[in-house]
Amino acid sequence: GFVEFLSVMGSVGSIAQTNRSDFDIWVGIHRDAVTQEEFRRFQEKLRNIEHWLAKLRLEVHFFPTDIKSVSNNVFGSVDDESCGSAQALLLKDEFYRTAILIAGKIPYWWMVRAGVSDEDYARHYKFHLEADRPGMGQYVDIGNVGRIERSEFFGAALWQLVKSLHSPFKSFIKMCLIEKYIYSNGGDRVVLLSNTLKENVLTQETLEPQSIAATPPSVRCC
């Protein structure tokens with residue numbers, strides 16, 4: 001289909017969420033599947049829903065996100081202003097560690113082990129896709145996020161300084177995370193928080209014992 005998933009992401013459920021916080025919702029789409037006019041009408045529909053929710057005192061922002069572009073770490077204007085590729089990867093890192101799936105398909109990223117390289121991720125996905133494994137229809141490929149070179153964080157820090165003019169508290173928290181990444185152990189490459197979260201989930205460290213049996217075997221073995 002054209003729309004593959006809806007996921008709310010960001011501060012929802014975190015200490016940064018307040019009664020005045022907005023809701024950022026990614027709408028995973030296949031942009032190439034529709035014409036320019038059809039896409040314009042889709043955006044108009046999303047804006048109308050935003051206006052309706054605003055009347056209910058809910059600030060919601062929909063972000064139509066092209067699945068192919070995101071899988072290649074392309075995030076529109078972010079890439080033009082971020083002074084490097086780290087900001088795009090940090091945005092994907094934020095999505096993977098904060099996203100709550102509302103409806104649709106699950107990111108295939110959850111099917112591979114934490115910290116896997118981009119090459120191994122692509123190899124796993126191609127193997128499962130070509131093998132026509134049962135259940136593959138419930139997953140969507142929006143790409144991997146493995147590691148970021150420590151030298152790339154300078155550009156991401158500059159981006160947050162600009163963003164702090166409008167959202168100082170949120171930018172401060174993200175700058176603290178960048179500092180944590182820079183000074184973490186791991187050589188020249190930094191292990192992202194999303195991969196730490198995934199490793200804990202897949203090894204059952206964050207789950208109750210009674211829920212282990214409900215975890216798909218395909219997740220535990222990857």
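Predicted model: local features only at pLDDT ≥ 70, side-chain atom pairs only at ≥ 80, totals over all residues.
Residues are numbered from 1 along each chain as its sequence is written, and side-chain values use heavy atoms, with hydrogens and water left out.

View 1. F169 belongs to helix α7.

**View 2. The overall chain.** Nine helices and eight strands make up the secondary structure of the protein chain; these are DSSP runs numbered from the N terminus, with helices (H or I) of at least four residues and strands (E) of at least two. Of the 222 residues, 36% count as buried, a word used for under 20% relative accessible area, with exposed meaning over 50% and partly exposed in between (1.4 Å probe, protein chains only). Among contacts (heavy atoms within 4.5 Å) with a separation of 6 or more, 70% come from residues 24 or more positions apart.

**View 3. The salt bridge of E4 and K105.** Nine salt bridges turn up in a search of the whole structure, each a side-chain nitrogen of Lys or Arg within 4 Å of a carboxyl oxygen of Asp or Glu. In one of them, the closest N and O atoms of E4 and K105 are 3.2 Å apart. E4 sits in strand β1 (residues 3-9) and K105 in the loop between β4 (100-104) and β5 (106-107), so the pair ties together parts that are 101 residues apart in sequence. E4 is buried at 12% relative accessible area, whereas K105 is partly exposed at 25%.

**View 4. The salt bridge of E94 and K174.** These two side chains meet at 3.3 Å, N to O. Because E94 lies in helix α4 (residues 86-98) and K174 in helix α7 (residues 168-182), the pair ties together parts that are 80 residues apart in sequence. E94 is buried, with a relative accessible area of 12%, while K174 is partly exposed at 26%.

View 5. R113 and D120 form a salt bridge, their closest N and O atoms 3.9 Å apart. R113 is partly exposed at 43%, and D120 is partly exposed at 23%. Salt bridges that share partners also join E37, R40, R41 and E44 into one network.

**View 6. The largest pocket.** About 1400 Å³ of space lies in this pocket, and 44 residues line it, with M9, D24, L91, E94 and K174 nearest its centre. A pocket is an open set of points on a 1 Å grid over the protein atoms alone where a 1.4 Å probe fits, with protein on both sides within 12 Å along at least five of seven lines; lining residues have an atom within 4 Å of a point. Its volume is the space filled by probe spheres set on the points, which are joined across faces, edges and corners. Helix α4 gives the largest share of the lining, seven residues.

**View 7. A88 in helix α4.** A88 is found in helix α4 and is buried at 2% relative accessible area. The C-alpha atoms of A88 and F75 are separated by 6.5 Å, although the two residues are 13 apart along the chain.
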